[in-house]
Amino acid sequence: MSGIKSQNDTAVAETGHSAATSRERKPTGVLKRLRSRRSQVDTRPVTEDELREQDRNITSEDVLGLRVATRDYLCKPEDNIYHIDFTRFKIRDLDTGTVLFEIAKPPLTAGDEEDREADSSAGRFVRYQFTPAFLKLKTVGATVEFTVGPRALNSFRMIERHYFRDHLLKSFDFDFGFCIPNSRNTCEHIYEFPQLSESMIRQMVDHPYETRSDSFYFVDNRLVMHNKADYAYNGGQ
């Protein structure tokens, strides 16, 4: 799941709330609920190294060929020329309405800017910790709020791929569509989780942070952002 990271520490997600911060942006006023595209056949297998070596922009078709989680980021922070900034993130169980995790991005300080320059992963990595019960949920809603800079976003799309070790668990594919310049946007991604065997659940609980995800963001089918996360499911034990 794509999330936002606190400026100084890796975020550990269990439960809780954080006060929101806001900027002067044009609100869209409507909460969009987005379901993943229908399952599609992955493209030709490709490695992370092959994508780095190609002499063209990375596209959605490229990342659909990845068979394992990436070791590093496939684009640089400065590739986000649209100044997309995720400012709030909430996860809830859609069957019960229970909020599982919620965080809002704190305001930037001068020290944060220095940290961002020194750490290429700053703001692009989040660490989650859930209880084993999370692995038995069927449908989860992830609400994200994000702002856009002075350039419009055409065909804004996210592909998110989840792995346990070298096994692809599920690939999600969401279309944000068009976003107007200088806007604040809110949408809820609907995650329909695969049903895992008891053996797989036990392995994922017993091996914290070996479940990983890559979230790739595209504008006009060009990679502009890449966020990473890892997960533990041994909370409360």
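Trainee: Which residue does R71 meet in a salt bridge?
Mentor: D49. The two side chains come to 2.7 Å, N to O. A salt bridge here is a side-chain nitrogen of Lys or Arg within 4 Å of a carboxyl oxygen of Asp or Glu. Keep in mind that this is a predicted model: local features need pLDDT of at least 70, side-chain atom pairs count only at pLDDT 80 or more, and totals for chains, interfaces and linings use all residues. Residues are numbered from 1 along each chain as its sequence is written, and side-chain values use heavy atoms, with hydrogens and water left out.

Trainee: Where do R71 and D49 sit in the chain?
Mentor: R71 is in the loop between α2 (60–63) and β4 (85–93), while D49 is in helix α1. They are 22 residues apart, so the pair links distant parts of the chain. Helices (H or I, at least four residues) and strands (E, at least two) are DSSP runs, numbered from the N terminus.

Trainee: Is R71 buried or exposed?
Mentor: Exposed, at 59% relative accessible area. D49 is partly exposed, at 37%. The cut-offs: buried is under 20%, exposed is over 50%, partly exposed is in between (1.4 Å probe, protein chains only).

Trainee: How many salt bridges does the whole structure have?
Mentor: The search finds 14. One of them joins R184 and E145, with the closest N and O atoms 2.8 Å apart. R184 lies in strand β10 (residues 183–192) and E145 in strand β7, so that pair ties together parts 39 residues apart in sequence. R184 is buried at 11%. E145 is buried at 15%.

Trainee: Which residues do shared partners join into one network?
Mentor: E48, D49, R52 and R71.

Trainee: New topic: rings. How many aromatic pairs are there?
Mentor: The count is 20. Rings of Phe, Tyr and Trp (its six-membered ring) pair if their centres lie within 6.5 Å; planes under 30 degrees apart are stacked, over 60 edge-to-face, the rest tilted. Y128 and F130 have centres 5.7 Å apart and planes at 10°, so they are stacked. Both are buried.

Trainee: What about F146 and F176, stacked or edge-to-face?
Mentor: Edge-to-face, because their planes are at 85°, with centres 5.4 Å apart. F146 is in strand β7 (residues 139–147) and F176 in strand β9 (residues 167–179), so the pair ties together parts 30 residues apart in sequence. F146 is buried at 2%, and F176 is buried at 5%.

Trainee: Which ring does R127 lie over?
Mentor: Y209, at 3.8 Å from the ring centre. R151 lies over the face of Y82, at 5.1 Å. The rule: NZ of Lys or CZ of Arg within 6 Å of the ring centre and within 35 degrees of the ring normal.

Trainee: Last one, pockets. What volume does the second largest pocket have?
Mentor: About 390 Å³. A pocket is an open set of points on a 1 Å grid over the protein atoms alone, where a 1.4 Å probe fits, with protein on both sides within 12 Å along at least five of seven lines. Points join across faces, edges and corners, and the volume is the space filled by probe spheres set on them.

Trainee: How many residues line the second largest pocket?
Mentor: It has 19, counting those with an atom within 4 Å of a point. I58, L74, C75, K76 and D79 lie nearest its centre. β12 gives the most to the lining, with three residues.
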